[in-house]
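Subject: Structure handover: aromatic pairs and salt bridges

Hi,

Here is the structure for your files. Please look it over before reading my notes.

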Amino acid sequence: MNTAYLDKEHFQQHDISTRLTHLATHLTQIQSLTSNKAQLDEVVIFMRQSLHFIEWTVPSLVEIDIDQAAELVDLGRTIARWQHNWNKVCAETSSRNEIADTAGKLSERVREISAVV
């Protein structure tokens, strides 16, 4: 999926498992890019797109498994907090490392969910 352009209709044509795989891939990118201070602007793009992926996936997932849909909503809140504190996070290596670690774990969890839907 092109990181510069998001197409909601195209994205929603995929099954839920594929949508979740895209989200997990974005989380892996966040994990990778957060540790490189030169690429922090790209992280914000991946965060924004991830929030769109969540918004476009949750309504369909609610019909299948409301608990997993709630997990995605919680994930969205986590990403929104990262965005809100991004200027502070950028200045602190420990905060970036924490986000990278959490993004990696969340990516794995999203992949687990994608395997069962």
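Below are notes on the aromatic pairs and the salt bridges.

This is a predicted model, in which local features need pLDDT of at least 70, side-chain atom pairs count only at pLDDT 80 or more, and totals for chains, interfaces and linings use all residues. Residues are numbered from 1 along each chain as its sequence is written, and side-chain values use heavy atoms, with hydrogens and water left out.

Aromatic pairs

A search of the whole structure gives two aromatic pairs. Rings of Phe, Tyr and Trp (its six-membered ring) pair if their centres lie within 6.5 Å; planes under 30 degrees apart are stacked, over 60 edge-to-face, the rest tilted. Phe11 and Phe53 have ring centres 4.4 Å apart and planes at 5 degrees, so they are stacked. Phe11 sits in helix H1 (residues 8-12) and Phe53 in helix H3 (residues 40-62), 42 residues apart. Helices here are DSSP runs (H or I, at least four residues), numbered from the N terminus.

Phe11 also pairs with Trp56: centres 5.7 Å apart, planes at 55 degrees, so tilted. Trp56 is in helix H3, so this pair ties together parts 45 residues apart in sequence. Phe11 and Phe53 are both buried, and so is Trp56. Buried means under 20% relative accessible area, exposed over 50%, partly exposed in between (1.4 Å probe, protein chains only). Phe11, Phe53 and Trp56 make up one aromatic cluster.

Salt bridges

The whole-structure search finds four salt bridges. The criterion is a side-chain nitrogen of Lys or Arg within 4 Å of a carboxyl oxygen of Asp or Glu.

Asp74 bridges to Arg77, with the closest N and O atoms 2.1 Å apart. They are three residues apart in helix H4 (residues 66-84), about one helical turn. Asp74 is partly exposed at 39% relative accessibility. Arg77 is partly exposed too, at 47%.

In helix H6 (residues 93-116), Asp101 and Lys105 are four residues apart, about one helical turn. Their salt bridge has its closest N and O atoms 3.1 Å apart. Asp101 is partly exposed at 42%, whereas Lys105 is exposed at 54%.

Glu112 and Arg109 also meet in a salt bridge, 3.0 Å from N to O. Both lie in helix H6, three residues apart. Glu112 is partly exposed at 45%, and Arg109 is partly exposed at 30%. Salt bridges with shared partners join Glu71, Arg109 and Glu112 into one network.

Best wishes

Notes
Helix = DSSP H or I, 4+ residues; strand = E, 2+ residues; numbered from the N terminus.
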